[in-house]
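Reader: I have a structure open and have not looked at it before. Can you take me through it in plain terms?

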Amino acid sequence: NKMKVTYDPQADAMYIYLNKHSVAGTVPVSTDLIVDYDKNKLPVVIEMLSVSKIIPKKSLSSIKIKLLSSPKALHK
């Protein structure tokens, strides 16, 4: 299960695919954040709307994601 991140410039939306499970439902967390979940209520896709308000569009093509190996890495 590899995580995949895509950006749709027409929708100004970023999608973070956490796994390939089928989506069973959707929860709007805020105006610009939506989480799709599977039948076990586990997140499948995180949808971020109005992304260019947070990240300049010119930077969206070169976003780098660093996966942390453990929660302890957050505090380094």
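Author: A term to begin with: helices (H or I, at least four residues) and strands (E, at least two) are DSSP runs, numbered from the N terminus. This is a predicted model, where local features need pLDDT of at least 70, side-chain atom pairs count only at pLDDT 80 or more, and totals for chains, interfaces and linings use all residues. Residues are numbered from 1 along each chain as its sequence is written, and side-chain values use heavy atoms, with hydrogens and water left out.

Reader: OK. How many helices and strands are in the protein chain?

Author: The protein chain has one helix and five strands. Read from the N terminus on, the order is β-β-β-β-β-α.

Reader: Let's pick I16. Where is its place?

Author: I16 sits in strand β2, which covers residues 13–17.

Reader: Is I16 buried or exposed?

Author: I16 counts as buried because its relative accessibility is 16%. Buried means under 20% relative accessible area, exposed over 50%, and partly exposed in between (1.4 Å probe, protein chains only). Within β2, four of the five residues are buried.

Reader: And which residues is I16 in contact with, leaving aside neighbours within four places in sequence?

Author: They are M3, K4, V5, V44, V45, I46 and M48. Contact here means heavy atoms within 4.5 Å. One of these residues, V44, is 28 residues from I16 in sequence, with 8.4 Å between the two C-alpha atoms.

Reader: Which strands does β2 pair with?

Author: β2 pairs with strand β1 (residues 4–8) in the antiparallel sense, over five bridges. Five bridges also join β2 to strand β5 (residues 43–49), again antiparallel. Two strands pair if DSSP finds at least two bridges between them.

Reader: What are the bridge partners of Y15?

Author: Y15 has T6 as a bridge partner, and E47 in β5 as another.

Reader: What about the hairpin of β1 and β2?

Author: That hairpin has four residues between the strands, and D12 takes a positive phi near 50° there.

Reader: New topic. Where does N19 lie?

Author: N19 is in the loop between β2 and β3 (25–30). With a relative accessible area of 15%, N19 is buried.

Reader: What does the side chain of N19 reach?

Author: The N19 side chain reaches the backbone nitrogen of H21 at 3.0 Å and the backbone oxygen of P43 at 3.2 Å.

Reader: Back to the whole chain. How much of it is buried?

Author: Of the 76 residues in the protein chain, 24% are buried.

Definitions and conventions. Polar contact = N/O pair within 3.5 Å; in protein donor to acceptor, adjacent residues only side chain to side chain.
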